[in-house]
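Open the model in your viewer and keep the selection tool ready.

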Amino acid sequence: MKKLMNGNSACAEAAVLSGCTCYFGYPITPQNELGEYMAKRLSEVPGGVFIQSESEIAAINMVLGASVVGARAMTSSSSPGISLKQEGISYLAADELPAVIVNMSRGGPGMGNISPAQSDYFQATRGGGHGDYRTIVLAPSSVQEIADLMPLAFDLADHYRNPVVVLSDGMLGQMMEPVSFDGIKRGKDYVKDYILTGADGRPSRMIRSLLFDVKEEEEHNWKLFRKFQRMEQNEVRFETLLTEDADMIVVAYGTGARIARGAIKRLRQEQLKVGLIRPITLWPFPKKAIQQAAAQVSDFFVFEMNTGQMVEDVRLALQGRGRVHFYGRPGGVIPTPVELFRIISRHYYQSVRGKKE
Amino acid sequence: MKKVYARPRLLKEAHFHYCPGCGHAIVTRLLAEVVEEMELGGKAICVAPAGCGMLVYNYFDFDTLESAHGRGAAVATGIKRVRPDNLVFSYQGDGDLAAIGTAESFHAANRGEPISIIFVNNGVYGMTGGQMAPTSLLAQVTTTSPQGRTSKREGHPVKMCEVLAVLQGTSYLERVAVNKPAAILKTKKAIAKSFEHQLKKTGFSMVEILSPCPTNWKMSPLDACTWIEEVMAAEFPLGVVKEVPC
């Protein structure tokens, strides 16, 4: 059965169905429905914990506390609040503790505004906080996909013992769409032999990230690096649309990819052979998919609701083997498919048709 | 020969990193003793701070976790809400608790989280080399108040027990010291009482411990203990600041 729900509430419901029992957060637009939903919903869950914390910093540290004793814990926020959480995310990564962090991002930098934007891509995909670490970043493109990705987010966090970021935006958070929770349930149970429960009948445990010995700290960094390499090998997710016969491939994610779909529909009606690669994991980035596409296509068009961030990953993937076009609208502007259609068709005629003729 | 003292069973066989005459060593040992005597070793989870106390996890033989600087009360909140039957205490210094972590401490206290904070107040940032702390006394010379702290420039020392006492979520707040044997025994009793309050879930409790830092005070250990008695305790009066029935 489908329900009409906004993305924030759907995210919360799917998290609870995925086994999340602890939510800690601080109000910030455009994701308030998420915390509000959790305040009510977690009161019905055995062992459910909801705290409206005094700050984003407190929230992420409460998540760390709940995670260290084995609970599935999450927090959510929007761009400025996510900046405040970065300290805690760095500690979670260093301590190898699972957690899910949802960012319903908005226009930035600074206070920015409350309109949807994709300007937190760098922060999300490069770790975000201090130190040498990464977080898996999932980028849903519909309310249904927000719900679908939540069990995966918690499973990946537990499997790798690493924070997982769900990077969406105010558009998907606020927008209502029909959503089904039929397939959304908790995955397998993870053996957590590292958690703190009290040293009752077992040796005491210690969880820390301070390693004064530089050799130990170096090995810890390499150990984390090897884990990030495994994520890069195993966790890349993306979707393609009409790439088989394409002369030009659009790379876009999240809300941007939805706008791109509309634009591509119009482009196809005009007989312009344009396809889409939509990264679902922004990190690890689907660079192989882009490299393989470069065997037949030399023009890649990156569309983002920012001034150009993912475009750098596309260039890195291509290593100079294709032409990279870019169109971005930062600051919370939501371009229409018609606007994007016009821009893409201009680039298409100049580059692809120009080459053919 | 009669055995009059032994290393607490819950203290690992490790050398303390603390400087000679440092009060942390006494507090660390007292905590291990109290947890052992109350038979809570299988239930205790200690949240360690950033600062001189951060390495307590090298010494306690029960579950320990490192917290980011100042976030002990928030981390302890997350732990305690999920596992209410564990003994959860956060070990924090003055910079950790009363400067960078003021918000976390204040709001955990206000929510009445049934956790214990062991607050070591030595009036100085020890680990970073003796900078001014929120609890440094007026006229106290530190590396960042070289002319001595003034109320106009740096404000007055923060009295956390008194600040938290006005919050209805707090159930037990006592200020003690570790500068002489009688005071140390009182400190031990205060720690035990804080744990009793936690086990009975009366609310948030904190034991503030005036503790010598001879290295950064640039005093001999003996002079540091006298200074607590004559100067520090005049600004930070010892005794129970608040206690609700347990």
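How many residues does the contact take from chain A and from chain B? Chain A gives 32 residues and chain B gives 28, where contact means C-beta atoms, placed from the backbone, within 7 Å.

A note before you select: this is a predicted model, where local features need pLDDT of at least 70, side-chain atom pairs count only at pLDDT 80 or more, and totals for chains, interfaces and linings use all residues. Residues are numbered from 1 along each chain as its sequence is written, with chains lettered from A and ligands numbered from 1 in the order in which they are written.

**Stop 1: the side of chain A that touches chain B.** Select α3 (56-68) of chain A. α3(A) gives the most to this side, 9 residues. Helices are DSSP runs of H or I, at least four residues, and strands are runs of E, at least two, numbered from the N terminus.

**Stop 2: the largest nonpolar core.** This core has 186 residues, and A:A153 and A:V250 have the most contacts inside it. Its members are buried Ala, Val, Leu, Ile, Met, Phe, Trp, Tyr and Cys residues joined through C-beta atoms within 7 Å; buried means 20 or more other C-beta atoms within 10 Å of a residue's own. Now select helix α6 (residues 143-160) of chain A: the largest share of the core, 10 residues, comes from there. Next, pick A:V250. Among the residues it touches are A:A260, A:F301 and A:I344.

**Stop 3: two helices in chain B.** Select α2 (residues 72-82) and α4 (residues 102-110) of chain B. B:A73, B:A74 and B:T77 in α2(B) meet B:E104, B:S105 and B:A108 in α4(B).

Note on methods
A residue is buried if 20 or more other C-beta atoms lie within 10 Å of its own, exposed if 12 or fewer, and partly exposed in between; C-beta atoms are placed from the backbone. Two residues are in contact if their C-beta atoms, placed from the backbone, lie within 7 Å. Axes are lines fitted to C-alpha atoms, for helices over the stretch in contact, and angles run from 0 to 180 degrees between N-to-C directions. Lists of a residue's contacts leave out its neighbours within four places in sequence.
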